[in-house]
Amino acid sequence: MLHLALFIAFGAIAVAGAVNLLAQRHPVNSALSLVVVMGALAAEYLLLGAEFVAAVQVIIYAGAIMVLFIFVIMLLNAGVEERTRGSKVAMLFGIPGMLLLGLLIIWTLIENPGQGSVSVGAQYGPAKAIGQLLFHEFLLPFEVTSVLILIAIMGAIVLAHPPSPRKPPPPEEELLMEPESELIEMAEPRKEP
Amino acid sequence: MVPLSYYLVLSAILFACGVAGFLIKRNIITIFMSIELMLNAVNLTFVAFAAHWHHLSGQVFVFFVMVVAAAESAVGLAIIIAVYRTRETLNIDRVNLLKL
């Protein structure tokens, strides 16, 4: 009973945060609502007995990724979202699409209910067991993931690197060019009067 | 005791909100946040099934999804910075050409 009450409370917080993400016009407000959603989802993970995933959710998602988002929002000085004609068309299709998709999935799940239920406090996600699983059965995906992160780091650096400025001409050419520029500067005032 | 379908319904609602944000929003950063919301909804499904079937593989998959999401957000935000540097806008409607 307590489990159900906590599930409904945190689920309502998560849905409210998600709807607020849609409603807000400023990216910073949307980012903070997303932090609320992620915190509520971490609580849901705790209810499911997945402490490790809950901790990782708070550390990686609510910590690292959202800090990156807010950093980019502040770096680019993102203002209030503009409205265009295309966005009205998108909203026209987006809201019925959202309702249709949500109702379809909910209807499917209610028509085909799961056999069992999930109990609280099963102590089913200890970090030790996950670590053993991760480093025995999933060792190859784990190593591939490290390669993926390495490529992502290099890609981010390459993409976000400012375009290299043009090389200044060698000093010898500048010395050769200078008399001409002086001539041009001297020649220009003659035209003005 | 909470039925498994409740978790799946909550996940479906969050996923639908993410899809709607992806379609409605015009700010490229907010669209990116909608993608993260969809990934979170899928993670909830993974953890719910892991608890239901008493198998830890779902939680390991969530771990991988989080790692991929972190890499994706780093690269995606770098792309956003590169787009902003050339276009001076974050409105997705004004980024309609592939060439710079």
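1. Two residues are in contact if their C-beta atoms, placed from the backbone, lie within 7 Å. With that cut-off, take the contacts in chain A between residues at least 6 apart in sequence: 60% of them join residues at least 24 apart. The model is a predicted one.

2. Overall make-up of chain A. Its secondary structure comes to seven helices and one strand. Read from the N terminus, the order of elements is α-α-α-α-β-α-α-α. Chain A has 193 residues, and buried residues make up 23% of them.

3. Domains of chain A. Domain 1 covers 1–83 + 118–124, and domain 2 covers 126–159. Their C-alpha centres lie 23 Å apart.

4. The α2/α3 pair in chain A. Helix α2(A) spans residues 27–47 and helix α3(A) spans residues 51–76. Their axes come within 8 Å and cross at roughly 175°. Angles over 145 degrees count as roughly antiparallel, so α2(A) is roughly antiparallel to α3(A). On the α2(A) side the contact includes A:Pro27, A:Val28, A:Ala31, A:Leu34 and A:Met38. On the α3(A) side it includes A:Tyr61, A:Met66, A:Phe69, A:Ile70 and A:Ile73. By class, the contact has 19 nonpolar, two polar and one charged residues.

5. The α2/α3 pair in chain B. Here the axes of α2(B) and α3(B) come within 9 Å and cross at roughly 175°. These two helices are therefore roughly antiparallel to each other. From α2(B), the residues that meet α3(B) include B:Ile29, B:Phe32, B:Leu39, B:Phe46 and B:Val47. Among those they meet in α3(B) are B:Gly58, B:Phe61, B:Val65, B:Ala69, B:Gly76 and B:Ile80. The class count for this contact is 14 nonpolar, six polar and one charged residues.

6. The largest nonpolar core. This core has 71 residues. The members that touch the most other members are A:Ala50, B:Leu14, B:Cys17, B:Ile29, B:Leu37, B:Val47 and B:Ala48. Elements giving two or more residues are α1 (2–23), α2, α3 and α6 (139–160) of chain A, together with α1, α2 and α3 of chain B. The largest share, 14 residues, comes from α2(B). As general background, nonpolar side chains tend to be buried together in soluble globular proteins.

7. B:Ile29, one of those core members, deserves a look. Which residues does B:Ile29 contact, leaving aside its neighbours within four places in sequence? In chain A, they are A:Pro27, A:Phe69, A:Val72, A:Ile73 and A:Ala78. In chain B, they are B:Ile80 and B:Leu90.

8. The interface between the chains. 61 residues of chain B are in contact with 76 residues of chain A. On the chain B side, the elements that give two or more residues are β1 (2–3), α1, α2 (28–53) and α3 (57–87). The largest share, 21 residues, comes from α3(B). By class, this side has 47 nonpolar, ten polar and four charged residues.

9. B:Gly18. This glycine is found in helix α1 (residues 4–24) of chain B. Is B:Gly18 buried or exposed? A residue counts as buried if 20 or more other C-beta atoms lie within 10 Å of its own. B:Gly18 has 25, so it is buried. Beyond four places in sequence, B:Gly18 touches B:Ser34, B:Ile35, B:Leu37, B:Met38 and B:Ala41. B:Gly18 and B:Met38 are 20 residues apart in sequence, yet 5.1 Å apart in space, C-alpha to C-alpha.

10. Backbone points to check. Most residues other than glycine have a negative phi. B:His54 is not a glycine, but has a positive phi of about 55°. B:His54 sits in the loop between α2 and α3 of chain B. With 10 other C-beta atoms within 10 Å, B:His54 is exposed. B:Glu88, also not a glycine, has a positive phi of about 60°. Its place is in the segment after α3 of chain B. B:Glu88 has 9 C-beta neighbours inside 10 Å and counts as exposed.

Conventions: Residues are numbered from 1 along each chain as its sequence is written. Chains are lettered from A and ligands numbered from 1 in the order in which they are written. This is a predicted model: local features need pLDDT of at least 70, side-chain atom pairs count only at pLDDT 80 or more; totals for chains, interfaces and linings use all residues. Helices (H or I, at least four residues) and strands (E, at least two) are DSSP runs, numbered from the N terminus. A residue is buried if 20 or more other C-beta atoms lie within 10 Å of its own, exposed if 12 or fewer, and partly exposed in between; C-beta atoms are placed from the backbone. Ala, Val, Leu, Ile, Met, Phe, Trp, Tyr, Cys and Pro count as nonpolar, Asp, Glu, Lys and Arg as charged, and the others, Gly among them, as polar. Domain bounds come from an automatic or database domain assignment. Axes are lines fitted to C-alpha atoms, for helices over the stretch in contact, and angles run from 0 to 180 degrees between N-to-C directions. Angles under 35 degrees count as roughly parallel, over 145 as roughly antiparallel, 65 to 115 as roughly perpendicular and the rest as oblique. A nonpolar core is a set of buried Ala, Val, Leu, Ile, Met, Phe, Trp, Tyr and Cys residues joined through C-beta atoms within 7 Å.
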